[in-house]
Amino acid sequence: PQRSNLTDRGLRTQRRIGTTMIITNGKIVTWGDPNEVLEEKALLIQEGLIKEISTEEELKASHPEEEVMDAQGQMVMPGLICAHTHFYGAFSRGMAIPGEPSRNFQEILENLWWKLDKGLDEDGVKYSASALLADATRYGCTTLFDHHASPSCIDGSLDIEANAVVESGLRASLCYEVTDRDGEAKALAGIRENGRFISGVKAGNYSPMLKAHFGLHASLTVSNETLEKCLIENNGRVGFHTHAAEGIVDQEDALAKYGKRVVERFADAGVLRDDTILAHGVHVSPHEIDLLAQSGTWLSHQPRSNMNNAVGVAPIEEMLKQGVKVCLGNDGFSNAMWQEWFCAYLIQKDRQADPRAMNGYDVIKMAIENNSRLASQTWDGLRIGKIEKGAAADLILVDYHPITPLHAGNLPWHILFGFRDGMVTSTIAGGRLLMKDRKLLLLDEAEIAAKSREAAIRSWNRVN
């Protein structure tokens, strides 16, 4: 790929991840099984991992040379995880779309997203990613699964994103969404870009903070011929990452062209597997839910996006009851994931007209347990999303001081009704301190915002 204007900084394997420190004086939420809230323990962070959990006195005595980070009574929690996002969508904020407002999901795709992605050049890819990575750092989202598209800049686009991820210090799995909507040449370019990046990740040519999936846009824009080429290129190396049944148009298209529903088509093709991510699943049938459960496929739920696009409400509780591994993503909305939690909690109650719907523990099942399992599987068994010995040191400090008693049993409701986005004061990923006292340490937010505005104007001009 041509990357003459890009830097290779950070793309080669890092020999050592992170820094060393002892975190003291915090209320530690383990998200273990069972979950615990530890009030008189400290953490030793070394080589990107949680090496020990013990008392402050014991850790200071056994490691007197380590720097001490005083949590000052704040909550110390695993970093948040986003199972499905779009860095490239950053430039949609404030973008004017000529013509009448879109009346349905198909028009939203055609009038906004399928124009915006074509407007991205190398700088657009870079700064849309950097902007949302800064956003993720500020909101304590330390692991993200991105689904990328830039039809005017395909070759090397995942390297541009990879560079931005490494510069941010966060953890991300990347892919390029293959689609037929821009013609055969660009579909083949997307297939090559996925294959090239997957090969590089498998060969250890990138930071261990980076992983790969094989991206597909959605059933309605991927023909059988193109899908078969994707399966051949992937050759079973990684799971797929695709949209599925987000709008009813996706199901209508699959039934008209193939005589199958979307998930049935993917199942027959071999896309469904225990490391594949399907995003949305708003319009799935009971049989499709069974297929997801039987195959062990991950299903990522994005309630804010679904409400914004008016596509409907996914049958999440039915999926959970059937054993589907439902996760929580944001579909490119802000990385303030607690907002996603709250919407997931409320929308099922409204859908069913039943206040008993969507228990707080169901939200934890998606946002904590399943997101953690997805991330841990993707990073080859490294425990992510938990505070325990040997787990990844992906942590956040949260300035929350409860006005009612807080314990492991009622923590979900404290988060849903008490936590706010600005409460994250420090963010650590792979043992590296990325934000301290609300100040980003690796990224220059002001510079990124300025460059992003310039790139956004160029992208908007191309769109219009």
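1. A crossing of two helices is called left-handed if the near helix is turned anticlockwise from the far one by less than a right angle, and right-handed if clockwise. By that rule the crossing of helix 3 and helix 15 is left-handed. The two helices, residues 122–139 and residues 445–463, pack at an angle of about 140 degrees with their axes 9 Å apart. Axes are lines fitted to C-alpha atoms, for helices over the stretch in contact, and angles run from 0 to 180 degrees between N-to-C directions. Helix 3 is therefore oblique to helix 15; angles under 35 degrees count as roughly parallel, over 145 as roughly antiparallel, 65 to 115 as roughly perpendicular and the rest as oblique.

2. The model is predicted: local features need pLDDT of at least 70, side-chain atom pairs count only at pLDDT 80 or more, and totals for chains, interfaces and linings use all residues. Residues are numbered from 1 along each chain as its sequence is written, and side-chain values use heavy atoms, with hydrogens and water left out. Helices (H or I, at least four residues) and strands (E, at least two) are DSSP runs, numbered from the N terminus.

3. Ala, Val, Leu, Ile, Met, Phe, Trp, Tyr, Cys and Pro count as nonpolar, Asp, Glu, Lys and Arg as charged, and the others, Gly among them, as polar.

4. Helix 12 (residues 337–352) and helix 13 (residues 360–378) pack at about 135 degrees, their axes 10 Å apart, and are therefore oblique to each other. Their crossing is right-handed. From helix 12, Trp341, Ala344 and Tyr345 meet residues of helix 13 including Val363, Ile364 and Ile368; contact means heavy atoms within 4.5 Å. The residues of this contact divide into 8 nonpolar, 1 polar and no charged.

5. An open sheet of 5 strands has the order 12-13-14-15-16, with parallel pairing; two strands pair if DSSP finds at least two bridges between them. Strand 12 (214–215) and strand 16 (325–328) are at the edges with a single partner strand each, so one side of each has no neighbour in the sheet. Helix 13 packs on this sheet, touching strand 14 (277–280), strand 15 (298–301) and strand 16, and its direction makes about 100 degrees with that of strand 16. Strand 12 pairs with strand 13 (residues 240–244) over 2 bridges, and phenylalanine 214 stands opposite phenylalanine 240.

6. A second open sheet, of 4 strands, runs in the order 5-4-1-6 with mixed pairing. Strand 5 (49–54) and strand 6 (68–70) are its edge strands. Strand 4 (residues 42–46) pairs with strand 5 in the antiparallel sense over 5 bridges, and leucine 44 has glutamate 52 as its bridge partner in strand 5.

7. The loop between strand 2 (27–29) and strand 3 (37–38) holds proline 34, which a cis peptide bond joins to aspartate 33, with omega about 5 degrees. Tryptophan 31 is in the loop between strand 2 and strand 3, and its phi is near 50 degrees, a positive value in a residue other than glycine. Most residues other than glycine have a negative phi, and most peptide bonds are trans.

8. The whole structure has 25 salt bridges, each a side-chain nitrogen of Lys or Arg within 4 Å of a carboxyl oxygen of Asp or Glu. One of them joins lysine 257 and aspartate 253, with the closest N and O atoms 3.0 Å apart. Both lie in helix 7 (residues 248–258), 4 residues apart, about one turn of the helix.
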